[in-house]
Amino acid sequence: MMKEPNQLTQHLETFVDITRSPAQQADSLKAIAASLEKDCLSMNELVIEMEMYLTTTDDVVRARGVLLLAEILNDLKAKPLDNAVVHSLIGFFSQKLEDWRTIRGALVGCLALMRRKGVAGVVTAADAEAVAKSMMANVQVQTLALHDRKLSFQLLECLFQQYSEAIVTMGDTLVYAACEAIEGEKDPQCLKVAFHIIELLAQLFPNPSGPVASEASDLFDIIGCYFPLHFTHTKGDKAGVTREDLSRGLMLAFTSTPFFEPYAIPLLLEKLSSSLPVAKVDSLRCLQDCTVKYGVDRMKKHYGGLWSALKDSFYSSTGTNLSFALESLTSPGFEMNEIHREAVNLLQRLVEQDISFLGFVVDDISINTVFDTISRYSQYKEMPDTSKLEVLVISQILSVSAKASVQSCNIIFETFFFRLMNTLGIVEKASTGDLVHNENSTASTRLYHGGLHLCIELLTASKDLTILDSDSLTPGCAQESWCSMVEKFSVSLIQLFTYAVHSSSDDCGADVYFGVKGLLNMGMFWGGSSPVSRSEFEKILMTLRSIITAKSGKTAVWELALKALVCIGSFIDQYHESDKAMSYMNIVVEHFVSLACSSHCGLPYPMILEATSEVCSTGPKYMEKMVQGFEEAFCSSLSDFCVNGNFNSIENCSQLLECVTNKLLPRVAQIDGLEKIVVRFAISMWNQIESSGVFSFGFNGKEFVEAAMKTMGQIVGIALVDSQNSIIQKAYNVISSSTLPTMESIPLTLVELEGLQRDLSTRDELILSLFASVIIAASPAASIPDVKSLIHLFLVSSLKGYIPAAQALGSMVNKLGLGTNGTNISTGCSLEEACDIIFHKAVASGIEVSSDESGKTICGSETILSKICLGFGGSLDLQTRAITVLAWIGKGLLMRGDRRFNEIVQVLVECLKSTNSSGHVLHSSAMKHAADAFFILMSDSEVCLNRKYHAVIRPLYKQRFFSLTVPILESLIMKSQSPLSRTMLHVALAHVISNVPVTVILDNTRKLHPMILEGLTILSLDAADKETLFSLFLVFSGTLTDIKGQESASDNAHRIIECLVKLTSYPHLTVVRETSIQCLAALLELPHGRIYPFRREVVQAITKALDDPKRSVREEAVRCRQAWASITSAK
């Protein structure tokens, strides 16, 4: 490359020529740099060749020449250079700092050379000092353009960071230069670097007699004016600097040296009184850092001002609404904004760092007078807002202070806890005037809500302190004064909180809330330092348990008590409290599990199940106990139903299975080691069903069957393959011993199939459905015995109208191996053999069905199943069932990418015609089922053929289906002469469009918009199609907000507006009317000339919508009318 000098000259001329495009200049730069990188050109040769451009009197050419050399060096930072070359180049660029016309190139060159690391040829300390001196003497940063200022700051940063030892002797000069460079800067990128320069400068001169200490006032004046930051740049700015970045940089600059303390703390305290929330937040955050960085000795003089400012921040950021709701049980109970949170952090930081700061808290008059306020009002709602605020703020201050350290907790408790106990009636004054423990107090008249709240906040703080320090706590911690005091009053406190729970006649009252919250906190002290004995802990559990079992309805106290037990259980499991775990197991878990197994309990069974599942979900051992209990409960209830005909028992079974499915199994899937216990539950279900006789007469088991299917399917879905095999084998044994295998004797002929009826007993339907759910959820690697017989069984059952059988059939063809030509299989049946059974070769007349060249069974219109679908034999019911079966089988083949699916599509499409290709007239019901079959094919099913149930899913299968079917349906719609057939074709097309990924729709909007508009018009004629209409409408509305869709909408504006105007009065679905009005508003994004001619029709339709009976529609109409009214005056 560049062997001839004229090539280099051409590139040099291109770069320095300002009339050339930036792209051409960049290409020339790359070409020269590449030649140097490959050693086709040396640096000396380049400099000699560039001499004219570097020294010319033409300012523009000289500036471009220097910049070119600098940019080349910037691209070659990793290429080794001789020390002499580097020395010569850095000297050249340092000298060029004197020439303001070449300043950019000089800055870039200096930076490129000084940033070289780990390679031969780096800038020496002496050269770096020369650069620094040249810059200080010649570069006035604030007179430069933005980009040059940024380069200047980066060069200063590089000098301070990488060459600090070389320039430290410059002392005051560096400080003055930094001040001069930064003062008045406003650009975010430059300021980010400038703040870092201050930080580096402080590190460079830490000595109290150094230049930073002597010039601290001037330095802080320069950076202090930026606080608080007023940041106007938006998120879309290319600068990439956020307010958070700048704010953090400024705070680091503030705290970079303790010499800023006399100036920073007064400024921050002043800004705390600002009306701007952001100023308060920034000040509090910065004060936290200052507290640590400046040290106790420097901060002590500001404690008075800090305490006053902190109090004001707490009072100004705290509301008076104390929530007694369920979610407040584990929180302070009132909203905390950012100011409040930062005030909490600052107070905690101050107390942690210097315990003497706590003197301002304990000696504060307002804090000491809060006890008068507490004893003045028994009910929180009776307090005036000022008193509420006082109680909440002081409770928060004392709580935060106590949680800061063990020492601070001791001081807070020693100062206030006895007085608080006196207010609550737990201690009283003796004749000597001293406060003594009143162990016989019932506290019946002393339920002061303010006192209860303060007491709970202090208990929470001490409890949290033990948890936070659980790793470092020693047995001696139990001897701390705060712990001794809580231990001394624990019995009385538990009595007080228990009384509060039972004293309130108003179930939603504050008494109940404070009582439960108090018991919760008393029950969550860490075991290593718990002031609550095991016997008292067990009393807490029994109290909360009794609240739950005593309530016959789902009241507020019931929910509070349940959540409290759940929190305690989670706490025990998280912190491995073995002693408490035993108590929790015996008192809570085993009790609720026994209730779930018992039919003699005053609680409604769903509440028992909810309570049991919630308290047992807190730990693996509890969950194992629950599964065992639920297994026993299921077996006994089903047995009671079968033997005694107790319908309540079978209802309990359904509810229990629903609880297992919705609450237990999702949690089991997240915990290792619990899979085997739920597998055992599934096998027990099969054992119990096997031993059960005929179900009671008159029993409609639909709800129970559905619940059992869901549970069985989810268990199989989360089980390992070996466990799946165990369940499958057990299920197969049960089904083999039932009357179901007799269906294998039914020949798959038109004559025999015509007489099929939905005639299974409830027990047989349960067994069939449950076995189908096992097959649906099984992994492709699972072993299924006697597959061929099972396929026959499912096919006959599905033609009888049992949908789970059809879904199992679809799952089997989706997961079976390909046999000798594909994957290995362990089921004894390949996909080819399965299709041979399903698409039976022998019809009633004995005609053989043809095969393709590969020998694969064709599932087209000549198969028995297809003939039934097309109406060549059998009743209408059989025909519609066959269409549904074919749809589920087709879905299984479609998802795995098997091309047999194409024949199934052809059959379903034939079913959409009023008269098919054989001249047979189809019933409208059959056509409707065929149209809905496309929904089965394309929708994501929750009950089968999904990832949860291990379906084989080929990527982009929906896109391929879309490409296959849409052209066919479009062609048939255009040719159709029958209104019914046209409607059904549009229903099918709507199902395809509604379920395909949105990117496919957006890529085909020009082709789809006309068909979608016609479909919306046709589907709006029949209320039965309202859900299909809405699904299609949602897809259409989404295209109007995309640039591709808007281009197509612009071409079809007239038809779109006509359709939307009609849908604004669609009577069958409110959301359709809302969406149509929203779409009309979205059309305003189209070119003015396209929509303006139709403004009158739109405004008339929207005006009518203003009288719509639904408020949501009227609100959309108001917004839309305002938007359209704005274009009437547009030109």
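1. Let's start with a term: two residues are in contact when they have heavy atoms within 4.5 Å of each other. With that in hand, look at L493, which touches F417, M421, I426, C455, L459 and M522, leaving aside residues up to four places away in sequence. Please keep in mind that this is a predicted model, where local features need pLDDT of at least 70 and side-chain atom pairs count only at pLDDT 80 or more, while totals for chains, interfaces and linings use all residues. Residues are numbered from 1 along each chain as its sequence is written, and side-chain values use heavy atoms, with hydrogens and water left out.

2. L493 also belongs to the largest nonpolar core, which has 396 residues; L46, L493 and F794 touch the most other members. Helix α29 (residues 556-574) gives this core its largest share, 12 residues. A nonpolar core here is a set of buried Ala, Val, Leu, Ile, Met, Phe, Trp, Tyr and Cys residues joined through side-chain atoms within 4.5 Å. Buried means under 20% relative accessible area, exposed means over 50%, and partly exposed lies in between (1.4 Å probe, protein chains only). Helices are DSSP runs (H or I, at least four residues), numbered from the N terminus.

3. Now for a pair of helices. Helix α30 (residues 578-597) packs with helix α31 (residues 605-616) at an angle of about 150°, and their axes are 9 Å apart. The contact uses Y584, V588, V589, F592, V593, L595 and A596 from α30, and Y605, I608, L609, A611, T612, V615 and C616 from α31. An axis is a line fitted to C-alpha atoms over the stretch in contact, and angles run from 0 to 180 degrees between N-to-C directions.

4. How many salt bridges does a search of the whole structure find? There are 37, each being a side-chain nitrogen of Lys or Arg within 4 Å of a carboxyl oxygen of Asp or Glu. One of them joins D289 to R248, with the closest N and O atoms 2.7 Å apart. This pair links distant parts of the chain, 41 residues apart: D289 is in helix α16 (residues 277-294) and R248 in helix α14 (residues 243-254). Is D289 buried or exposed? D289 is buried, at 16% relative accessibility, whereas R248 is partly exposed at 42%.

5. K928 and D932 both lie in helix α45 (residues 924-938), 4 residues apart, or about one turn of the helix. Their salt bridge has its closest N and O atoms 3.6 Å apart. K928 is partly exposed, with a relative accessible area of 23%, and D932 is partly exposed at 28%. Elsewhere, D59, R62, D99 and R101 are linked in a network of salt bridges.

6. Finally, some backbone details to look up. Most residues other than glycine have a negative phi, and most peptide bonds are trans. Where is the cis peptide bond with omega near -10°? This bond runs from F227 to P228, and P228 lies in the loop between α13 (216-224) and α14. H576 is not a glycine, yet has a positive phi of about 55°. H576 lies in the loop between α29 and α30 and is exposed, with a relative accessible area of 67%. L956 has a positive phi of about 65° although it is not a glycine, and L956 is exposed at 53%.

Definitions and conventions:
Helix = DSSP H or I, 4+ residues; strand = E, 2+ residues; numbered from the N terminus.
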